[in-house]
Amino acid sequence: MGLTRQYLRYGPAALFGLVASARGNAAFVALRGERGRCVAVPACEHVFVWDTRKGEKVLILKGLKQEVSCLCPSPDGLHLAVGYEDGSIRVFNLLSGEANITFNGHKAAVTALQYDHLGGRLVSGSKDTDVIVWDVINESGLYRLRGHKDAVTQVLFLKEKNLLVTSGKDTLVKWWDLGTQHCFKTLVGHRTEVWGMALISEEKRLITGSADSELRVWDITYIQEVKDPDEPESKKSKGSSPGAEENIEEDETLELDERPEERLVKCSKVGSIMREGRDRIVTLATDRTGKILACHGTDAVLEVFSVLSEEEVQKKLEKKIKKAKKKAKQNSEEDSERNVELSLQEEIQRVTSIRASSKIKSFDLILSPKGELKIVLLLQNNIIESYNLNLSAQVPQAVCASKITIGGHRSDVRTLAFSSDNIAILSAAAESVKIWNRSTLQCIRTMDCEYALCSLFVPGDRQVIVGTKTGKLQLYDLASGSLMEALNAHDGAVWSIALSPDQRGFVTGGADKCVKFWEFELVKDESSVQKRLSMKHVRILQLDEDVLCVRYSPNQKLLAVSLLDCTVKIFYIDTLKFFLSLYGHKLPVLCMDISYDGTLIATGSADRNVKIWGLDFGDCHRSLFAHDDSVMYLQFVAKSHLFFTAGKDSKIKQWDADKFEHIQTLEGHHKEVWCLALSPNGDYVVSASHDKSLRLWERTREPLVLEEEREMQREAEYEESVAKEEQPVVAGETQGETGLAGKKTIETIKAAERIMEAIELYREEMAKLTEHKAICKAAGKEVKDRNVPVPRCVGVSFQLCRLGGKVQHADKIGTAGHSKDLLKSFGEQDGTVPWGMVPFPVNPILRAYGNITPSAYVLEVFKKVKSSELEESLLVLPFSYVPDLLRLFNEYIHLGSEVELLCRALLFLLKIHFGQITSNHMLVTVIENLKKTTISRVSEARDVLGFNMAGLQYLKREIEAKDEVTFFADATDRFEEKKRKRKKKEKMVLAVL
């Protein structure tokens, strides 16, 4: 079938005008080893890393489609974990800027991320109420923890113990034992959502923040377990917990477990710290040392607290005791020391409050060794502010070190325009007009303005005109960046402005029910010699309704005016007489445009429809359901009948006005698209959205075929539906507190299909081999094909000795995945293979892999399955393929190939298909053989690891002896131990005294 009409595809070229999205959190990252200088912030689907000192963007971590919802840097500072709106997590390498690892497990946005202190595990919490622990090193999910009834707000690892604390919007704080993967304690001392949580005082205290101005402080004491309680008993205690909750509901320090021997931790409320803010906590966090605590609500104030260390608490207590003794001596009292203790407010002291220039959405802080606190604030209005706070000062005062503002507007961009040379882009918002260079995407001019609604470049591109909400027309000179003139044009908002085709003037439409015609003129000011450009009002057209949009026809004979009564009226420009009325929209027409030849007018309305009309008779050619929400902007591509529409559904769509067909959808914005502008040559589209971003789209040379586009759309819809389907379950398992970490995605299904195809190929090849054997037996001699190369055995070095036209040492060849018996079938009885000959033609796929054997090909496919997707891929694999897999596993493990990977897959298959495997008599011998080979190979691997560990320990001791220094971690541990012993001795001395 020939191509009837070919279109060119528009693709994303750039994202600009955005400093940071308010959706996620800011985080300090260490680039080139320097901490406290670079900050990572979410920017729609990307992550921007800004140098706060220079105000420059130093790195962009590119995302896919979904918006970033959470960030967490790794403890070593080399990686950044990024959570997305669709529940996926990607781990980026900060040196290369590439995403090495992807985790798919959550069904909704990731709301919390946290690494453990070594950086080997990552825990994530989500809006889907699940908590998942991931193994970063093995790139796989460990387990899913269920228990929260609403979105998880914070997750924290405890360094000392293998414990996890999680908080949620369900008002609960849950304690999880990661060894047994169960929730052993639930704090129910909150009446509203727990929005934030932080560990202080060497993890001996927990601070929680909820919807009030109270920060609750909890003491944590670890209880040594005497014995492990039996599993059935522990389950019984869980079952009885709701009753316990009902009985003592009033007690704020209530714990749901009943028996002390089953507890790992005792957590009791010790008091509260009152915040200045009256609203809910948005972010509550400490710095990495735990010495500084900070929090903020929904306002612009960040409150900073200092947490005293044990030594400082002890010193303060001693001072207080001395004072009490002195007082007691004066008053001749006894037992003065009995009631002396520090209040919570003395242990956690308020340092200062920092007032930002706008509402704070998130923050991060870092304490330098010199005692200076660096704070970075991510604000709601597209600004990053950084502050320095000298804690050693008598009265610590926060100093604003830098602001990153130039890269974007403070509010949503409401109007866009392209210069006539396609190079400059104008964007205007509620507070400023910015001019951008299209090729470099740099902001070259910023001019203050009133709330802008419409704009245009004056012919010559040296001035711009902006129409405002207050009814003014503001004329700016781009060379000086100054406001040249401001006219009160309308009594209401200036909703629309359009340049006349002869470029001598323009027309404006406003909320005062008037359409006004203006001409450019040169006027001379009294103060200056030179003439300057000005605007002269020449005519007015009074109407019955508010004017929403005005457009000239290209021949300048007609004027189209969209009114609030849902109609579009067409007038003759010369006489201003009425010509046509276009009615049919159910809601007002917000945007419209007339084609270059003046034959068509397209109108976009709040009723979500686009109508295409003939301008000769006003007949409606077609009504198209364009967007899922209001159509905000519409513009024709130059010299064509193609047009673009922008909608509140965050999409931009291209249409053909002749064929009434939808050509393509430009997806990228995450919120409502307010406006767009096409370059005069039609090569570029720029759009502005409520997500604060400006996006540039470029016309590529790639042809777009509608049938292919529809097919791609259907595939995308199918892939989306796969993720929403019910997840596969393990037979006989009930849903408990723990579950598999992964989820079914299109990638896991494709991986399972690849495994199935590989096994089918293996079956076919083995069937061919059996058939060949039968033919040879019937013929009484070896039937050979001389045109096929010998199978090459990858991964093992061996010598081929051509002796009498034969390859020797078939037993060595076998180590690459061939058994000697298999090779015997290829050649002679002694296991040799005839040179240059095999029994039957090699499969093209096996030849592409370098003439490997079918069994080796299955292993290659298996190795290519992503570690994070392995379990889910095996879960959707039908049982009919499992027996073949088990036999192959036995062969691979016997040869020592990929023992760790295969054992992981083997144990998972045994777990999910246990019933069917044990009831199948054919698999009994396979399982017996697997048992023997697996145990021997795993113990070998363990011995190698043990040997390597011992070798590394030896090398460490050698280096220590050589350099006469201990390794940092060990030295710190020993120092801490000495300090603990000294404190203990001091306490004993005090007790004796």
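Among contacts in the protein chain between residues at least 6 apart in sequence, what percentage join residues at least 24 apart? The share is 51%, where a contact means heavy atoms within 4.5 Å.

The legends below describe a predicted model, in which local features need pLDDT of at least 70 and side-chain atom pairs count only at pLDDT 80 or more, while totals for chains, interfaces and linings use all residues. Residues are numbered from 1 along each chain as its sequence is written, and side-chain values use heavy atoms, with hydrogens and water left out.

**View 1. The protein chain as a whole.**
The protein chain holds 16 helices and 59 strands, these being DSSP runs numbered from the N terminus, with helices (H or I) of at least four residues and strands (E) of at least two. Of its 993 residues, 51% count as buried; buried means under 20% relative accessible area, exposed means over 50%, and partly exposed lies in between, with a 1.4 Å probe and protein chains only. Cysteine 400 has 37% relative accessibility and so counts as partly exposed, and cysteine 620 is also partly exposed, with a relative accessible area of 37%. The count of disulfides comes to zero, a disulfide being a pair of cysteine sulfur atoms within 2.5 Å.

**View 2. Helix H6 against helix H10.**
Helix H6 (residues 746-779) packs with helix H10 (residues 854-863) at an angle of about 175°, and their axes are 9 Å apart. This makes H6 roughly antiparallel to H10, a description used for angles over 145 degrees, whereas angles under 35 count as roughly parallel, 65 to 115 as roughly perpendicular and the rest as oblique. The axes are lines fitted to C-alpha atoms, for helices over the stretch in contact, and the angles run from 0 to 180 degrees between N-to-C directions. Residues of H6 including Ile755, Leu761 and Tyr762 meet residues of H10 including Tyr857, Val861 and Phe862.

Among the buried residues are Pro854, Ala856 and Leu859. The cover over the buried residues of H10 includes H6, helix H9 (844-848), helix H11 (870-875), helix H12 (882-895) and helix H13 (899-912).

**View 3. An open sheet of four strands.**
Four strands, in the order S22-S23-S24-S25, form an open sheet with antiparallel pairing, where two strands pair if DSSP finds at least two bridges between them. Strand S22 (283-286) and strand S25 (348-355) stand at the edges with a single partner strand each, so one side of each is left without a neighbour in the sheet. Strand S24 (residues 301-307) runs antiparallel to S25 and is joined to S25 by seven bridges, and glutamate 303 has serine 353 in S25 as its bridge partner.

**View 4. The hairpin of S26 and S27.**
Seven bridges join strand S26 (residues 360-367) to strand S27 (residues 372-379), and the two run antiparallel, with isoleucine 360 opposite leucine 379 in S27. The two strands form a hairpin with four residues between them, and glycine 371 in the turn has a positive phi of about 95°. Six of the eight residues of S26 are buried, so this strand is largely enclosed by the rest of the structure.

**View 5. Glycine 125 in strand S11.**
Glycine 125 lies in strand S11 (residues 121-126) and, at 0% relative accessibility, counts as buried.
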